[in-house]
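These are my notebook entries on a structure that I looked up piece by piece. I record what I looked for and what I found.

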Amino acid sequence: MSVAAARPRRGFPGGSRLLWSLLGWVVAILFFFPVLWMALEALKTEEQAASIPPTIFFVPTLEAFQEVLSRDFPPFFINSAIATIGSTLLVILVGLPAAYALAIRPIKRTRDALFFFISTRFLPFAASLVPLYLLARDLHLLDNILALIIIYTTINLPLGVWLLRSFLLEIPNDLFEAARVDGAGFFSELVRVVLPLVTPGIAATSLICLIFSWNEFFYAVNLTSTIAATSPIFLVGFISGRGLFYAKLSAAATLCSLPVLMAGWIAQKQLIRGLTMGAVK
Amino acid sequence: MSQPNVGNGAVAGRTGAPGFARGRTAASAARRDSWLRRLPLLPALVYVFLITQIPFVLTVYYSLFSWNLLRPGSFRFAGLQNYAAVVTEPSIRIAIANTVVLTLCAVAISVVIGVCVALLLNREIFGKGVLRTLMIAPFLVMPTAAALIWKDTLLNPIFGLVDYILSPIGLSHMDWVNRFPMATIVTIEVWRWTPFMMLIVLAGLQSQNLETLEAARVDGANALSTLRYITLPFIRPFIELGALLGSLFIVQTFDSIYMTTQGGPGQATTNIPFLLYLVAFQGYDIGRASAIGVVAVILTMIVASFALRTLFTIFHVEARR
């Protein structure tokens, strides 16, 4: 490309910025709108929620939420919490040492191990359903929250190892040298040096585990029925609704989505890093 | 300055720790150290291996048998009979076709929109952070919840918001979900996955070398040329990563189908995961379901190998910086 005199910019810098901003806001609001509508409908009465034309201005009321909360929703929420927290803890406990082994003191076949881990993430869930169902049945783990904890750990462990490893790789060597000079043993090194620095990595991993476990539906719906049913399954009851139920539906949907929405919004950077398995920082 | 390949090739420096070598031969010290290194990895490796490979082996095993859970004692060897059915039965071919259509459409559309939005958000516009926050909401919302919201409050023929908005142009009382089932599912998935594509591409855009862009501007390149010759080639691996990862997830779409169309009308929106669910839990045909599962895994592996290759390419790009 030949060197030419810089061309004068077309249009006013301020004006084009405004235009692009407007476009950006329109697009963002379009995408966000269903979520907003869900929250709005949840704050209406049933009559307002099903009105034609749709009610735009209204006095918010919490009666839909109250109804949902009194309608046996808490057990579903608690089950989701147990499954999510349990599996996330396991992922960290088991995954951190593994990530350490693959990052700080690597073994010879690091790449193979990583490859294997990630490849399990790509297995279609549906394929394993039948044997897992039969295994759960024979082990009396059907409709037991433990089955979900085990499966969610399996689903999230590869991603967790990969993510934690990418965080561990960022720890400067000097810190390890210093610890070694001090005569630190394996565990001491881990606790004193690694743990404080990998806390953001643990946060990111927990976030990703939270998102995928909380929203998980396929195994939850097939391996549980009444005792261990998680939040998504509560929503199944709304599929064939009779009478006015849009406000309750929206309230239930909002309650189910709130934890992940909050978590994802607070920690967007970790989210991106987790979604791309650490490849994108 | 962090080293991406910590330890690789630097084995000599690490294993020579004074504590181990004292009073032992170098060989046994190296062996012991090698085992100590592997130890932390074992729990994770064994755990994942057991819970992913054993079911897969069992799936292959069951696929060779004919077994209906509703008929006790019907377990008998059937060889490749189930696979023959996979090839000949129309319902399975329909499911594969639906899966391909759904995945291709959803991925293609969400990539295109995602790239455009990413380019938009990469500019200097007001409230970028808020916009990004708004944009990722569709991805975070529980898929089952989102599907219900779309079906009942937006696309409902009578009470839905979409109906209200489109009634001035005469499209009122249109039963979108039942008349355009596949389009509905694709719309919901595009809505859900565009933020994912956008985030990946945006991260790629933000990692561009500003000096290169500045040099291009000085050389007289206008915005369009810069986009075409510098930016797009740069973010291509990110687009590929997003497309491949997205495909692997969208292929497994189950939640939205279950909550909106239940695979219907007829089989219009039955994809492979949903078919598997139907065959296994409504037909209780274990052998047939297993054969479908094996086929699904093989097809997925082909796509996954491309995804893995791309992932490692980006990984190496990151390491070299």
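Entry 1, a core residue. I began with A:Leu235, which touches A:Ala252, A:Ala253 and A:Cys256 in chain A, and B:Met142, B:Thr144, B:Ala145, B:Leu148 and B:Met259 in chain B, leaving aside residues up to four places away in sequence. I note here that the model is a predicted one. I then asked which residues have the most contacts inside the largest nonpolar core. They are A:Tyr219, A:Leu235 and A:Leu271, in a core of 179 residues. Helix H12 of chain B (residues 181-206) gives the most to this core, with 16 residues.

Entry 2, the interface. I looked up the contact between the two chains and found 110 residues of chain A in contact with 107 residues of chain B. The buried area between chain A and chain B is about 10200 Å², and carbon and sulfur atoms give 75% of it. How many salt bridges are there between chain A and chain B? The count is 0. For polar contact across this interface, I recorded 12 residue pairs, both residues being at pLDDT 80 or more. On the side of chain A that touches chain B, helix H1 (residues 13-42) of chain A gives the most, with 17 residues. By class, I listed that side as 78 nonpolar, 18 polar and 14 charged residues.

Over all chains, the structure holds 8 salt bridges. I looked up A:Glu67 and A:Lys248, whose side chains meet in one at 3.3 Å, N to O. A:Glu67 lies in helix H3 (residues 63-70) and A:Lys248 in helix H12 (residues 246-266), both of chain A, so this pair ties together parts that are 181 residues apart in sequence. A:Glu67 is partly exposed at 36% relative accessibility, whereas A:Lys248 is buried at 11%. Both belong to a network of salt bridges that also includes A:Glu46.

B:Glu89 sits in the loop between helix H5 (81-88) and helix H6 (90-121), and B:Arg288 in helix H17 (residues 286-320), 199 residues apart. B:Glu89 counts as partly exposed, at 28% relative accessibility.

I asked how many residues of H16(B) are buried. The figure is 9 of 10, so the helix is largely enclosed by the rest of the structure. Among the buried residues are B:Ile272, B:Pro273, B:Phe274 and B:Phe281. At the N-terminal end, B:Asn271 caps H16(B) through a side-chain oxygen 3.1 Å from the backbone nitrogen of B:Phe274.

B:Gln262, in the loop between helix H15 (255-260) and helix H16 (272-281) of chain B, has a positive phi of about 50° although it is not a glycine. I noted B:Gln262 as partly exposed, with a relative accessible area of 36%. A:Asp143, also not a glycine, has a positive phi of about 55° and lies in the loop between helix H6 (125-138) and helix H7 (145-168) of chain A. Is A:Asp143 buried or exposed? At 15% relative accessibility, A:Asp143 counts as buried, because the cut-off for that class is under 20%.

A:Ser213 is buried at 3% relative accessible area, and touches A:Thr84, A:Ser87, A:Tyr152 and A:Asn156, not counting residues up to four places away in sequence.

How values were computed: Residues are numbered from 1 along each chain as its sequence is written. Chains are lettered from A and ligands numbered from 1 in the order in which they are written. This is a predicted model: local features need pLDDT of at least 70, side-chain atom pairs count only at pLDDT 80 or more; totals for chains, interfaces and linings use all residues. Side-chain values use heavy atoms; hydrogens and water are left out. Buried means under 20% relative accessible area, exposed over 50%, partly exposed in between (1.4 Å probe, protein chains only). Contact means heavy atoms within 4.5 Å. Helices (H or I, at least four residues) and strands (E, at least two) are DSSP runs, numbered from the N terminus. A nonpolar core is a set of buried Ala, Val, Leu, Ile, Met, Phe, Trp, Tyr and Cys residues joined through side-chain atoms within 4.5 Å. Buried area is the accessible area (1.4 Å probe) that two parts lose on being put together, summed over both. A salt bridge is a side-chain nitrogen of Lys or Arg within 4 Å of a carboxyl oxygen of Asp or Glu. A polar contact is a pair of N or O atoms within 3.5 Å; within protein, one must be able to donate a hydrogen and the other to accept it, and residues adjacent in sequence count only if both atoms are side-chain atoms. Ala, Val, Leu, Ile, Met, Phe, Trp, Tyr, Cys and Pro count as nonpolar, Asp, Glu, Lys and Arg as charged, and the others, Gly among them, as polar.
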